[in-house]
Amino acid sequence: MVPAAADALARSLEDQRERLLPCVHCGFCLAACPTYNRLGDEADSPRGRLHLMSAVVDGRLDAASDAFQTHIDRCLGCRACETVCPSGVEYGQLIELARDVAAKHRRPSILTRILLLVFSSVPIRRAFFFGGKVAQASGLAALTARLLPGRGVLGSARLGMAMVAATAPWKGLRRGTSAPGGAGALLSDPKPPRRGRVAILEGCVQEGLYGRVNAATVRVLEANGFEVVTARGQDCCGALHAHSGDLEGARGLARSNVVCFESPGVELVVVNAAGCGATMKEYRHLLAHDPAFAARAEAVSAKVRDVHEILAEVGPRRGAPVPCRVAFDYPCHLLHAQRIRQAPLTVLAAVPGAEVTVIDDASECCGGAGIYGITHPELGGRIGGDKIAAVRRARCDVAATPNPGCMMQIGAGLILEGAPEGIIHPVELLDESYRRAGFYA
């Protein structure tokens with residue numbers, strides 16, 4: 001084993017020793033784990049993976065072994081086990097460190113390396129997303145998704161094309177009725193009280209394929225009294241790198257964002273993508289051993305808020321009716337990592353006429369899990385299929401979930417089934433309500 005990697009994993013486990021010792025293999029995590037529920041293998045459960053990590057640290061198992069590599073790789077990283085664990089094991093941090101160790105002993109798949117390269121380079125990322133937008137707008141993505149077979153490498157390509165097709169706006173949204181970029185002038189009287197000065201993480205997937213969600217976020221925040229400033233020089237949050245075994249890459253991106261968002265003029269950093277928000281709130285852990293950035297990361301992490309979190313705190317203004325049936329699903333990194341449950345429902349409740357149903361098993365992963373749905377199309381597809389079935393049972397007009405990866409995974413599943421339901425970010429619906437109320441110029 002690489003000594004530095006072994007020391008890092010051992011140090012993390014030692015930091016958790018007091019929380020690991022009380023574990024009596026109660027099994028609470030088993031029922032919460034999507035992979036264990038589908039595969040029935042103890043090694044594909046959280047406590048099984050923790051046992052594998054301990055075995056590597058103790059020298060009883062080689063990190064290059066098939067057992068360690070396979071079962072660590074199969075984890076979604078959804079962190080549902082953390083929510084039910086009575087011992088408080090910080091599994092999310094441990095699985096990311098274990099993946100980093102695994103990647104040092106066996107190179108990740110070529111598909112994983114390509115995807116991480118895309119998110120590591122701004123020019124490549126922009127070109128990649130530009131191609132995605134062209135494929136979506138032209139209908140090529142939807143056509144390709146219908147024609148490709150569903151297994152093997154082509155199965156991953158089929159899902160990828162369906163995910164791109166799913167980035168199209170929901171047809172229930174009006175278009176062109178207000179400023180397409182920022183907020184435009186607020187017309188409502190009285191004006192909302194000033195709430196504070198915030199910056200928004202634009203994100204990579206969010207800005208590249210869901211720029212309309214960022215624009216809606218700006219408008220909604222300003223309609224609720226927040227001054228939104230542009231934070232220049234920001235980069236990818238690093239979530240996909242951390243989840244995929246490239247912690248050093250994640251740390252490099254984190255450092256860039258710490259520098260960007262530590263401006264004293266920015267009171268809060270607002271994030272509208274659950275996975276990005278969870279990662280930024282944990283920069284304090286990611287950079288804890290970096291003497292130049294530990295304190296700075298701590299300060300920036302303390303300023304990060306999910307957009308629903310901040311709107312729920314002030315009480316979002318009610319807009320005009322948008323009659324629709326909404327099936328809401330929780331992103332794992334909102335519910336399990338950030339422990340935010342009620343806030344998105346509070347935001348949706350500010351939309352008159354919207355009938356909101358939380359879908360069955362909303363606490364379970366959709367199977368997307370960053371790039372997992374593409375790199376593990378069969379297992380991710382099984383998990384995602386159950387999520388799509390739950391959405392369909394809700395008999396909705398549109399599904400809502402506040403994370404771009406989840407929007408793409410669920411949207412792709414609906415497209416591949418030929419289902420009529422759309423997919424939307426909750427803030428988009430509130431923005432539409434405000435648009436209809438005449439809040440914007």
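Guide: Let us begin with asparagine 214, which, once its neighbours within four places in sequence are set aside, is in contact (heavy atoms within 4.5 Å) with Leu201, Glu202, Gln206, Glu207 and Asn272. Its place is in helix α14, residues 211-223, where helices (H or I, at least four residues) are DSSP runs numbered from the N terminus. This is a predicted model, in which local features need pLDDT of at least 70 and side-chain atom pairs count only at pLDDT 80 or more, while totals for chains, interfaces and linings use all residues. Residues are numbered from 1 along each chain as its sequence is written, and side-chain values use heavy atoms, with hydrogens and water left out.

Visitor: Is asparagine 214 buried or exposed?

Guide: Buried means under 20% relative accessible area, exposed over 50%, and partly exposed in between, with a 1.4 Å probe and protein chains only. Asparagine 214 counts as buried because its relative accessibility is 7%. Threonine 35, in helix α4 (residues 34-39), is likewise buried, with a relative accessible area of 1%, and, beyond its neighbours within four places in sequence, threonine 35 is in contact with Gly40, Asp44, Arg49, Arg74, Leu76, Tyr372 and Leu379.

Visitor: Which residues touch the most other members of the largest nonpolar core?

Guide: In soluble globular proteins, nonpolar side chains tend to be buried together. A nonpolar core is here a set of buried Ala, Val, Leu, Ile, Met, Phe, Trp, Tyr and Cys residues joined through side-chain atoms within 4.5 Å. The largest one has 72 residues, of which Val198, Leu221, Ile310, Leu311, Leu429 and Leu430 touch the most other members. A second, separate core of 27 residues includes Cys237, Ala239, Met280 and Ala297. Of these, alanine 239 lies in helix α15 (residues 239-243), is buried at a relative accessible area of 7%, and touches Gly275 and Thr279, not counting residues up to four places away in sequence.

Visitor: Which residues of helix α20 are buried?

Guide: In helix α20, residues 307-314, the buried residues include Val307, His308, Glu309, Ile310 and Leu311. Just after α20, glycine 315 takes a positive phi of about 85°.

Visitor: At what angle do helices α9 and α10 pack?

Guide: Axes are lines fitted to C-alpha atoms, for helices over the stretch in contact, and angles run from 0 to 180 degrees between N-to-C directions. Helix α9 (residues 110-120) and helix α10 (residues 122-138) pack at about 105°, with their axes 5 Å apart. The two are therefore roughly perpendicular, a label for 65 to 115 degrees, whereas under 35 counts as roughly parallel, over 145 as roughly antiparallel and the rest as oblique. Leu117, Val118, Phe119 and Ser120 of α9 make the contact with Val122, Ile124, Arg125, Phe128 and Phe129 of α10.

Visitor: How many aromatic pairs does the structure hold?

Guide: A pair of aromatic rings is described by the distance of the centres and the angle of the planes. Rings of Phe, Tyr and Trp (its six-membered ring) pair if their centres lie within 6.5 Å, and planes under 30 degrees apart count as stacked, over 60 as edge-to-face and the rest as tilted. The structure holds four such pairs. Tyrosine 434 and phenylalanine 439 form a tilted one, at 4.9 Å centre to centre and 40° between the planes, and both residues are buried. Ring pairs also link Phe119, Phe128 and Phe129 into a cluster.
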